[in-house]
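Look at the model first, then read on.

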Amino acid sequence: DVGFVEAQQHRPSPCYVFHDVDLLPENLGNIYGCTSQPRHLSVAVNTLRYQLLYPTLFGGATALTARQFTRIGGFCNGFFGWGGEDDEIALQLMRVGFSITRLQPEWATYRMLEHRRQRDAPDRNALIQHWEEEVAPIRDKDGLNGLRYTVQSREDRPLYSWLLVDL
């Protein structure tokens, strides 16, 4: 959420791509752009045998317009560590009436770089299983709506901005 807010203030764009750093696109035909509905870019990943694991998967690389991201209130702040936040954002997208769009898997292929996996986010499965009762009711005060941070340092580089923030 911090990256989105800072980008909106310093280099606003109508489209934002949220991308795991360990994924590399394999097909140049997979256009990095937004559509009228949120778009899941990384449909087929080598470590998942190029299969979409489940229909609501919305992680790895995604594209949302500024309006879409603002409408859902950004990412939930309840996830620390690996996993869960992408499943939660998919639930939130559907809750407010969006549909997830995708290119055909043969166009949206990615290779995951080898790395040591982070520790799983504690309680991520419980948060998703009880999302309707526990997370959805507080979603309007979470994410972008409850974001508080201080920029400690900022470096604007040619292709990106580097930020150090206190949350």
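Q: In what order do the elements of the protein run from the N terminus on?
A: Helices (H or I, at least four residues) and strands (E, at least two) are DSSP runs, numbered from the N terminus. The protein has five helices and nine strands. Their order is α-β-β-β-β-β-α-α-β-β-α-α-β-β.

The model is predicted: local features need pLDDT of at least 70, side-chain atom pairs count only at pLDDT 80 or more, and totals for chains, interfaces and linings use all residues. Residues are numbered from 1 along each chain as its sequence is written, and side-chain values use heavy atoms, with hydrogens and water left out.

Q: Which residues form a disulfide?
A: A disulfide is a pair of cysteine sulfur atoms within 2.5 Å. A search of the whole structure finds one. Its sulfur atoms lie 2.1 Å apart, and the pair is C15 and C34.

Q: Why is the disulfide of C15 and C34 right-handed?
A: The handedness follows from the torsion about the S-S bond. The disulfide of C15 and C34 is right-handed because that torsion is about 85°.

Q: Where in the chain are C15 and C34, and how many residues apart?
A: The pair links distant parts of the chain. C15 is in strand β1 (residues 15–19). C34 is in the loop between β2 (23–25) and β3 (39–40), and the separation is 19 residues.

Q: Is C76 buried or exposed?
A: Buried means under 20% relative accessible area, exposed over 50%, partly exposed in between (1.4 Å probe, protein chains only). C15, at 22%, is partly exposed, and so is C34, at 27%. C76 has 11% relative accessibility, so C76 counts as buried.
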